[in-house]
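Colleague: I would like to learn how to read a model like this one. Can we take it feature by feature?

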Amino acid sequence: MIADLARLTWTFLWLSLICVGGGLAVVPEMQRQAVERFHWMTAREFLDGYTLSQLTPGPGMLVVVFVGYRAHGLAGALLAGTAMFLPTSALTALIARHWATLRHRPWAMAIEQALQPIGLGLMAAGVYTLARAGIHDAPSAGIATLAGLVLWTQRVPAMVVVLAAGAIGWLMAL
Amino acid sequence: MPHVRLSRIVRVFAWTGLTSVGGGRYAFLYDAVVVRRRWVRTEEFVQDLTICQLLPGSTFGNLAVALGTRLGGGRGAFWGAVALILPGALILLGLAALYLRRGFAPTVVHAMHGMAAAVVGLVFATTMTIAPASLRGGRALLIAAAMFVLVGPLRVHTALAILLVAPVSLWLYRPQPPAP
């Protein structure tokens with residue numbers, strides 16, 4: 001039990017450290033660890049948990065609370081959340097105090113530029129991974145395409161589009 | 001530097017955390033501390049946002065820490081982040097317990113499948129919105145495409161992919177010596 005909790009904490013700790021460029025970047029790896037490696041949950045449960053975390057307020061990375069809870073109950077949720085948020089927050093606090101003086105050095109600017117396309121590539125891979133789990137037939141592909149186009153081209157609150165898609169799914173018994 | 005009372009930071013960050021859903025959540029913090037209260041200037045906010053996107057971890061959580069540092073030092077950072085993260089964590093925990101203990105009724109599951117498909121569209125749209133600013137020039141496209149192919153279709157471990165690609169990217173973006 002203790003070993004399981006330690007493994008869970010360690011997993012979310014290193015996931016938080018490779019989470020560069022926003023939460024989406026780490027979704028493919030988190031799914032791989034939670035579903036395929038440790039069998040904490042099914043791919044369907046992971047996608048449902050990710051969807052829930054996008055619909056509930058607060059950081060999107062709170063999905064780790066869902067995964068931790070599914071794996072080892074309340075202790076798992078607490079450890080997963082702490083491992084995901086505490087070390088990176090401490091690092092941010094440290095850097096926030098000093099970056100203002102560092103960011104004009106040539107290497108600091110190079111790092112800023114070099115990490116941006118990496119973060120974006122990871123985000124695109126996150127879209128790919130979520131699409132493989134969430135799109136399984138023509139109606140879901142249609143909803144995803146329509147939602148993507150509307151949100152990309154119009155200034156509509158994301159929540160409105162997601163809720164409308166939920167209503168469509170409910171009506172079509174997707 | 002403005003020094004805001006800790007209780008106000010906690011109240012504003014908690015409310016912002018509770019009213020932010022979907023992609024691009026940092027927009028809600030921008031509205032709260034730049035537009036509505038003028039605690040932070042736009043360029044300061046953008047600076048913090050860039051750093052937070054570069055640092056590992058949740059951008060939204062990191063941003064609470066960075067802005068909290070500006071507004072109230074170490075204590076502002078700690079309590080600001082807790083106020084932003086904790087309420088949503090408790091709500092999600094409740095929903096997770098409900099979902100995993102008794103499952104959801106079939107109608108709810110159908111609705112969730114529809115919403116899951118829309119979230120795929122949402123993350124696609126968020127990626128496409130950010131892409132133009134992050135992908136200037138051929139080398140950026142190359143690096144982003146390499147990361148996508150490695151981690152997406154080829155299913156290479158994300159940490160390994162970063163270790164492989166980051167040195168190449170850093171070399172491509174290495175500081176140029178000043179022209180003689």
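Colleague: In what order do the elements of chain A run from the N terminus on?

Modeller: Helices (H or I, at least four residues) and strands (E, at least two) are DSSP runs, numbered from the N terminus. In chain A the order is α-α-α-α-α-α-α. That is seven helices and zero strands.

Colleague: Where do these numbers and letters come from?

Modeller: Residues are numbered from 1 along each chain as its sequence is written, and chains are lettered from A and ligands numbered from 1 in the order in which they are written. This is a predicted model, where local features need pLDDT of at least 70, side-chain atom pairs count only at pLDDT 80 or more, and totals for chains, interfaces and linings use all residues; side-chain values use heavy atoms, with hydrogens and water left out.

Colleague: What share of the residues in chain A is buried?

Modeller: Buried means under 20% relative accessible area, exposed over 50%, partly exposed in between (1.4 Å probe, protein chains only). Of the 174 residues in chain A, 56% are buried. Take A:E29, in helix 2 (residues 27-37) of chain A. A:E29 has a relative accessible area of 1%, so it counts as buried.

Colleague: Which residues is A:E29 in contact with, leaving aside neighbours within four places in sequence?

Modeller: Contact means heavy atoms within 4.5 Å. From chain A, the partners of A:E29 are A:W14, A:L15 and A:I18. From chain B, they are B:V156, B:H157 and B:T158.

Colleague: How many residues does each chain bring to the contact between the chains?

Modeller: Chain B brings 85 residues and chain A brings 92. Buried area is the accessible area (1.4 Å probe) that two parts lose on being put together, summed over both. Here it is about 7700 Å², with 76% on carbon and sulfur atoms.

Colleague: How many salt bridges are there between chain B and chain A?

Modeller: A salt bridge is a side-chain nitrogen of Lys or Arg within 4 Å of a carboxyl oxygen of Asp or Glu. The count between the two chains is one. It joins the side chains of A:E36 and B:R155, at 3.0 Å from N to O.

Colleague: Which helix of chain B gives the largest share of the side that touches chain A?

Modeller: Helix 5 of chain B does, with 25 residues. By class, that side of chain B has 53 nonpolar, 28 polar and four charged residues. Ala, Val, Leu, Ile, Met, Phe, Trp, Tyr, Cys and Pro count as nonpolar, Asp, Glu, Lys and Arg as charged, and the others, Gly among them, as polar.
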